[in-house]
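I opened a notebook for this chain. These entries record what I looked up, one topic at a time.

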Amino acid sequence: MRELFDDVAGQSPLDPQEAVRRQLRTPQRKRFYGSAGVADADGGFAITLDGKQIRSPSGKPIVVPARAIADTIASEWNAQGETIDPLTMPLTRFANSVVEGVIDRVDDVAADAAKFLGSDLLFYRAGHPETLVAREAAHWDPIVFWAADQLGAHFVLAEGIMHVGQPEAAIAAARAAFPTDPWSVAALHVVTTLTGSALLALALAHGVRDEDQIWAAAHVDEDWNTQQWGIDEEVAARRAARLVDFKAAAGILKARTAAG
């Protein structure tokens, strides 16, 4: 079982797209178990295959902090056919990544996500046409205003792509609103890297916007271009692949928030 996920262990929180690309080169294995289940373990929940707890590629036990997450991971294993396809198991890959690459370096992963606060997607606005300007404002302004009003993070907006330095106080205020547990930090990082915005990830983590609204906000410019010029099939395929990891990370944040 371990070799199935060797190429994705520790990758998802730092680069989920690379994890997908690497996994495409990994041969699939035949299903070797009858059924997956969930069991209590060490203050959390373990996923079992025919009663045996699953482990990460390096052999570390995987203990999930919320029952909802564990149930979904077990469902991924139960949904496999004659062969096991890790690409259809985003939460399993996510769990491996947390255990292998996040639990022992939560601060590093959070700091990496916080780097986006210096040049966040939401800070750089189009100057024209008016329809795009209005669409960006409709999706992005409420989140920027929320960060200012609720977090005390007052960022500077700019027109175009020329870099604008952000106040250290604003970055620090937003950084202070990051979650601290490994699973939520990993999920926040995935959402940040997939959307290009730590503010969008924070808005999702704090329940300011739901996952569909966040995904739409992350693709305002892309969707506008599609309406003007039509669908680029290659771009659409990459977006669909990213959406799988995004939904997995969003599900983690939702479950962790519900668990308190």
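My entries start with the whole chain and then go to single places.

**Ground rules.** I am reading a predicted model, where local features need pLDDT of at least 70, side-chain atom pairs count only at pLDDT 80 or more, and totals for chains, interfaces and linings use all residues. Residues are numbered from 1 along each chain as its sequence is written, and side-chain values use heavy atoms, with hydrogens and water left out.

**Whole chain.** I looked up the secondary structure and found 11 helices and eight strands. Helices (H or I, at least four residues) and strands (E, at least two) are DSSP runs, numbered from the N terminus. Next came burial. Of the 260 residues, 47% count as buried. Buried means under 20% relative accessible area, exposed means over 50%, and partly exposed is in between, with a 1.4 Å probe and protein chains only. Then I checked contacts, meaning heavy atoms within 4.5 Å. Among contacts between residues at least 6 apart in sequence, 66% join residues at least 24 apart.

**The core.** Which residues have the most contacts inside the largest nonpolar core? I noted Trp77, Phe94, Leu117, Phe155, Leu199 and Leu202. This core has 77 residues. A nonpolar core is a set of buried Ala, Val, Leu, Ile, Met, Phe, Trp, Tyr and Cys residues joined through side-chain atoms within 4.5 Å. Leaving out residues up to four places away in sequence, leucine 117 touches Phe123, Phe155, Gln166, Ile171, Ala174, Arg175, Phe178, Ala198 and Leu199.

**Helix α8 and its partners.** Two packed helices are described by the angle between their axes and the distance between the axes. Axes are lines fitted to C-alpha atoms, for helices over the stretch in contact, and angles run from 0 to 180 degrees between N-to-C directions.

I took α5 (residues 130–151) with α8 first. Their angle is about 65°, and their axes are 10 Å apart. That makes α5 roughly perpendicular to α8. Angles under 35 degrees count as roughly parallel, over 145 as roughly antiparallel, 65 to 115 as roughly perpendicular and the rest as oblique. From α5, the contact uses Ile143, Trp146, Ala147 and Leu151. From α8, it uses Leu199, Leu200, Leu202 and Ala203. I sorted these residues into eight nonpolar, no polar and no charged. Here Ala, Val, Leu, Ile, Met, Phe, Trp, Tyr, Cys and Pro count as nonpolar, Asp, Glu, Lys and Arg as charged, and the others, Gly among them, as polar.

Then I turned to α8 (residues 198–205) with α9 (residues 211–218). They pack at about 170°, with axes 10 Å apart. Therefore α8 is roughly antiparallel to α9. Leu200, Ala203 and Leu204 of α8 meet Glu211, Ile214, Ala217 and Ala218 of α9. This contact divides into six nonpolar residues, no polar and one charged.

**Arginine 125.** Is arginine 125 buried or exposed? I found arginine 125 buried, at 12% relative accessible area. It is in strand β7 (residues 124–125). Neighbours within four places in sequence aside, arginine 125 is in contact with Glu136, Ala137, Trp140, Asp141, Val144, Leu157, Ala158, Glu159 and Gly160.

Most residues other than glycine have a negative phi, and most peptide bonds are trans. A cis peptide bond joins histidine 128 and proline 129, with omega about -10°. Proline 129 is in the loop between β7 and α5. Aspartate 42 has a positive phi, near 50°. It is in the loop between β2 (36–41) and β3 (44–49), and aspartate 42 counts as exposed at 76% relative accessibility. Aspartate 50 also has a positive phi, near 55°. Its loop runs between β3 and β4 (52–53).

**Two buried helix residues.** Alanine 173 is in α6 (residues 168–175) and counts as buried at 19%. Alanine 173 and glycine 152 are 21 residues apart in sequence and 6.0 Å apart in space, C-alpha to C-alpha. Beyond four places in sequence, alanine 173 touches Leu151, Gly152 and Ala153.

Valine 185 is in α7 (residues 182–195) and is buried at 2%. Its touching residues, again beyond four places in sequence, are Val106, Val109, Ala110, Pro179 and Thr180.
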